[in-house]
Amino acid sequence: MYISKSSSVVLLVSFLCLVVLPVKSSNGCGYDACNLGDPNKLNVHIVPHTHDDVGWLKTVDQYYYGARNNIQHAGVQYILDSVIHSLEENPDRRFIYVEIAFFWRWWNQQTNDTRSKVKNFVNQGRLEFISGGWCMNDEASTHYNSIIDQHSLGAEFLRDQFGECARPKIGWQIDPFGHSREQASLFAQMGFDGLFFGRADYQDIDRRTQTKTRELIWKASANLDRRSWLFTGVLPNGYSPPGSFCYDIFCDDPPIMDDPRLHDYNVPERVETFIKAAHDEASSYATNHIIMTMGSDFQYENANQWFKNLDKLMKYVNAQQTNGSDVNVFYSTPSCYLYALNKVGRTWTSKTDDFFPYAHHPRGFWTGYFTSRPALKRYERLSNNILQVTRQLNAFSKTNLRGSIFPLNEAMGIAQHHDAVSGTEKQEVAFDYAMRLSQGIDVAVDVINKAYDKILPLDSKTPPSAPQFLCQLANISECLPIEGQDRFTLILWNPTVHTISHYVRVPVTKDYTVRDPSGHAIVAEMIPVSESTQRIPGRKSFALNQLVFKTILPALGFSTYYFEIKATENNNNNEKQVLVTHNSECILQNEYLRVEIDCQGNLNKITNLKKKIVVPFSNQGFYWYGSYPGNNSGSEFQASGAYIFRPISSDPEPVSSKRSITCVKGQNFQSAIILFNNWASQEISLYDDAKMVEVEWTVGPIPVYDNIGKEIILRYDTDIQSDSKFYTDANGREVLERIRDYRPTWNYSKVEPVSGNYYPINSRIWIKDSNRQLTVLTDRSEGGASIQDGSIEIMLHRRTLYDDALGVSEPLNETAFDAGLVVRGKHLLIIESPTSSALYHRVASQRFYMNPLATYALPPLSYADYSTTYRQAWSALQTDLPLNVHLLTFDQIDTNKYLIRVENYFELHEDDTYSHPVIVDLQKLFQSQGVISDIAEMILTANLRITDMKRLEWVTTDNRSSKIDVKKDLSLKDLNILLNPMEIRTFLVTVE
């Protein structure tokens, strides 16, 4: 808050004519364009910027055009127009821009003259792109595959349009609500020199302010050592200007009124106030350089108003140096500020944990959004699955339709925004995100069809048209196009580099013989569709049964399964009838596991039969927390909402006092369908050769007739002696230890015993003791914790009735078909010893997010004709790659050029066999494409050769340097590459 103070500073009229020493003239872009200030003064780096949400209260395109300003006045096209005009007027001015989704939209509409001006600004370092992603992605709900993709999308655009001068070197995560260690590690692998963000826990901020450690070296990987180190700074005012120095059209702060002949002359007061603000800020930082972020949400629509006042402010503040002031203020950028800090030559403290969870006051833990909008979170993860498969099919078929994949790629880039997949947008905007993904998938299906048109037909065959299509509602046993058909095909593309077995459920209205790729009829068991599934609002299917069968899928390839109606529907194909019982004990057992569920639907025990590991469950099932209904007038009245999770009580209520159970047993498949009430159920399944238990949960419509919002959890209570510890992953990669009611870097004061212990789960969570580990894998990002020893709880769904007053201005109350939204998902449970668990959860998690993609078709051919017309199985590989290798990206860039990323996805020290370096022959990936004739290793975003990456060197307080050796070029004579644990390597490949 601005408070006026009298000033004793006397400024004469002649002040208007004072000439201030100019800033360093630009010698080019990057660090060469930086003004490093005066080593004997307090250097204030003024950073003009705008923070443009890629959707939040309005859709991304409404924000771009400035539509629907009755919701929020914001028009990004006008911001960029205005900024470019203002940069022309003064060569000292600087501006940074972040969200390439908006800049791409603007750039497409510019004349060649305007583009030329912008390129000059970039080449002179006056317009700098920071972060350079399609959006400023969320860090709690995002998967590493999609983080890399959205940054690569922006980086590719910048490289193609502007060249090296536009390559970002700084992460700028000023608005996300907590910060992931993996995000920092990925930034380091993108060649970034530093990261700045605006939000950290209020207790952490207080400690860092007192100890002047708001700037540090983040050691962001337990596996990659110095390659993951990243200088990190917590900004002084979030990302806003210091108090009373906002010059936007929406701000009420006084402008610089600098003509003493006119009324309200305020230069002395403004100068004194600014100098005090600079000194106050400097007291929290360790050097004689500080940064001031001059801008905020959707600001600079009238850039002249900002720059005109900043020009004056700098002029008059610097003029005080003749009167003994030590403040030296100038236009700068985050890159230049970072470079100045680097040149100070000091050592820096370090950090190895992350910045979750984030709270802005004692009752305000931003842990609700870890789960908010769970359907959108799952759809985003599924969309990524489809995107990666589409890229692979496009590449291996050599259709060269990369441009047609762009709509899905762009929709995914937008969906990573910190108010998108996070679930913190308005409902109408959430619909827009989902619609963009849907439209992108529709176009991707066209690419999939063109790819299969080339791969499927046998040589010299011209088959009849039978387009492939997706059944995206198969998770609720609905696939309308195949209902009632006499024949259809199912093609399953395996996007992993390993042969896998995979169980499929196909909803049907008839009984079919299913033939595998060799033409043999396989065991396909007819399983009833559960009543809870049939009751899901909006389900249109007449299918009351589903065929369940096992498939074998080749690495990076497909298998086709042909369905033909049986002459008589008597289930003779089943070697034994499926047995269905109700409300009796249900034992699910295969060679590896035994799952015991009593007649009341209670999961009592899971036994690993091979290892003789037994985990009893004292309780397992659904509970709900009441959402706190505060009016947000103070910390104690904070409501639970889209961002905040704040329960009324620390003790959740069970959703029901009794359950019913239906036990289904077939030859290859067994399940227990447990109904808790009319809005919560689960199906616990065990497949014949499975080494983990599948739990499919269904929640909704969540009842709110009692005017109480509800946050639904699924809890697994065991006797594992977990000693207050649990473990969660960061963005699907490395795993961090969590300790209840504890923070590694400050003395934590417990206020919220539940929400203060919630962490993001992107793919897995586990608890363990000396010889047992329970790991739960998730199919989307969710929030979770271990509130009691031996217990894991995961929040599945939320329906709140109050807004949490953090900007979205509506409760999180999702509905569909005139009822609360129904959401369905899966957990995989792994019971193993701690020393062997990684082998199972690492492999299973990769396959969970990169699932085989099922496409259906209705070919007008008998099986005899089909089998002589189409290939029924194909693989791009002659042999599988090693088990600890994952193909992250396989993207055809041009006719003979490909972008690939391969990784070793095991961590150090977690598995005796696979936590070691592994050698991969890259030519094996191109056996169907040709011979590699040129190859270049790139940084993670593929916009710079790795041999050209030169990051700034930092030194920690224990005198360790961040300097790493520069990698050498790969030789065509030896395409065997070494992948260390958790290492991702990126290559541009040309084949002939």
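Predicted model: local features only at pLDDT ≥ 70, side-chain atom pairs only at ≥ 80, totals over all residues.
Local features need pLDDT of at least 70 and side-chain atom pairs count only at pLDDT 80 or more, while totals for chains, interfaces and linings use all residues. Residues are numbered from 1 along each chain as its sequence is written, and side-chain values use heavy atoms, with hydrogens and water left out.

Helix 2 (residues 76–89) packs against helix 3 (residues 100–107) at about 75°, the axes sitting 10 Å apart. Helices here are DSSP runs of H or I, at least four residues, and strands are runs of E, at least two. Axes are lines fitted to C-alpha atoms over the stretch in contact, with angles from 0 to 180 degrees between N-to-C directions. The pair is therefore roughly perpendicular (65 to 115 degrees). On the helix 2 side, Val76, Gln77, Leu80, Asp81 and Ile84 meet Phe102, Phe103 and Trp106 of helix 3, contact meaning heavy atoms within 4.5 Å. These residues split into 6 nonpolar, 1 polar and 1 charged.

Further along, an unreviewed UniProt entry annotates residues 364–437 as "domain: Glycoside hydrolase family 38 central"; such annotations may be inferred rather than shown by experiment. That stretch is 65% helix and 0% strand, with its end C-alpha atoms 32 Å apart.

Asn328 belongs to strand 9 (residues 327–331). Leaving aside residues up to four places away in sequence, Asn328 touches Gly37, Asp38, Lys41, Leu42, Asn43, Val44, Asn318 and Gln321.

Conventions
Parallel < 35°, antiparallel > 145°, perpendicular 65-115°, else oblique. Nonpolar A, V, L, I, M, F, W, Y, C, P; charged D, E, K, R; others polar.
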